[in-house]
Amino acid sequence: MLIRKAPELTYADVTPKSVYLNRRKFLRGMGIVGATAFAGKGLLDLALPSQAAFAAAQFTGLVKSPFSTTEKQNTLNDVSHYNNFYEFGTEKSDPAKYAQNFKTTPWTVSVEGEVAKPRKFSMEGILKIAPLEERIYRHRCVERWSIVVPWIGFSFSTVANLVEPTPKARYVAFQTFFDSHQMPQAKYGGIDFPYVEGLRLDEAMNPLALLCVGMYGDALPPQDGAPVRMIVPWKYGYKSIKSLVKIRFQEKEPPTTWNRYSSSEYGFYSNVNPNVDHPRWSQSKERRLGEFLKRPTLIFNGYDQVASLYSGMDLKKNF
């Protein structure tokens, strides 16, 4: 097993202080700096001094998850300046450039479909669902690069248990926010928007599947999926959908953006598998961001505890 309990590290141990984004910049990325010009409750109130303290408290004293890897983490600068987020451009540097004015408040995530108790969550409501924990996950992009990131959130199953999926629920569909006025670069993306993704219900209920609200001890920057996203570490990166606004439990397998674009290249499951090549390149090796040498790709990205989800499946056919 490659997943071990994380060591007790501070961020000074793993990330140069010069590349930290300060809390004000993070709050600006979430769209709440200066929010006192608006009325209302919820995440907007985090701009007030008393609520700012509440926000800070959410990201301190985090539980260290036993699911974490002990591998060396990438720096915040690495992770926040090398992104795939086609709504903000197709070059890796585009999201950091074009997403800074992305307005993420007020924000609502609708949970609906085959559930007994459909709900709509504000961001303040999401932050209160469960204690936040830090999970240091490795990730593998279909484009043959990888990263290690300390995410903040809680298992998606916590939300699922609140809404109580019905016996008909076999899949979970996810949808990203889309606004062509805020995301004019999307017209060059070459894919359909809004971005959609999906998981089988048992995949979504696996404790590794993370509903994520932060990274590196603070809120998500806009280019990394603010204010809330999914993290599915045993699958290629495009399965970890950003800037969530809708979650739907349903009976039938949902469409997914990249599978709809090219089903021969991007399967519904998209599990990291060194034995299944992309039609245009091998997936047997990867390069960790910031490193020169390549390393072998691990089946399920090294997360052996999910292997039982695919027992009896042909992983080359169901790629």
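Modeller: Two strands pair if DSSP finds at least two bridges between them, and strands (E, at least two residues) are DSSP runs numbered from the N terminus. This is a predicted model, where local features need pLDDT of at least 70, side-chain atom pairs count only at 80 or more, and totals for chains, interfaces and linings use all residues. Residues are numbered from 1 along each chain as its sequence is written, and side-chain values use heavy atoms, without hydrogens or water.

Biologist: Happy to start with E11! Which residue in E11 is the bridge partner of glutamate 112?

Modeller: Strand E2 covers residues 108–113 and runs parallel to E11, with four bridges joining the two. Glutamate 112 has its bridge partner in E11, and that partner is arginine 248.

Biologist: And how many bridges join strand E6 to E11?

Modeller: Tyrosine 171 is bridged to glutamine 250 in E11. E6 spans residues 171–176 and runs antiparallel to E11, and the number of bridges joining them is six.

Biologist: Why is E11 described as largely enclosed by the rest of the structure?

Modeller: Buried here means under 20% relative accessible area, exposed over 50%, and partly exposed in between (1.4 Å probe, protein chains only). E11 runs over residues 244–250, and it is largely enclosed because, of its seven residues, the number buried is five.

Biologist: Let's turn to E5. How many of its residues are buried?

Modeller: E5 takes in residues 145–155 and is mostly covered. Of its eleven residues, the buried count is eleven.

Biologist: Which residue takes a positive phi in the hairpin of E4 and E5?

Modeller: E4, residues 133–140, runs antiparallel to E5 over eight bridges, and histidine 139 faces isoleucine 147 across that pairing. Four residues lie between the two strands of the hairpin. The one with a positive phi, near 80 degrees, is arginine 144.

Biologist: In E8, what is the bridge partner of isoleucine 152?

Modeller: E8 holds residues 210–215 and pairs with E5 in the antiparallel sense, over five bridges. For isoleucine 152, the partner in E8 is glycine 214.

Biologist: One last stop: is lysine 285 buried, partly exposed or exposed?

Modeller: Lysine 285 sits in E12, the strand of residues 285–288. Its relative accessible area is 43%, so lysine 285 counts as partly exposed.
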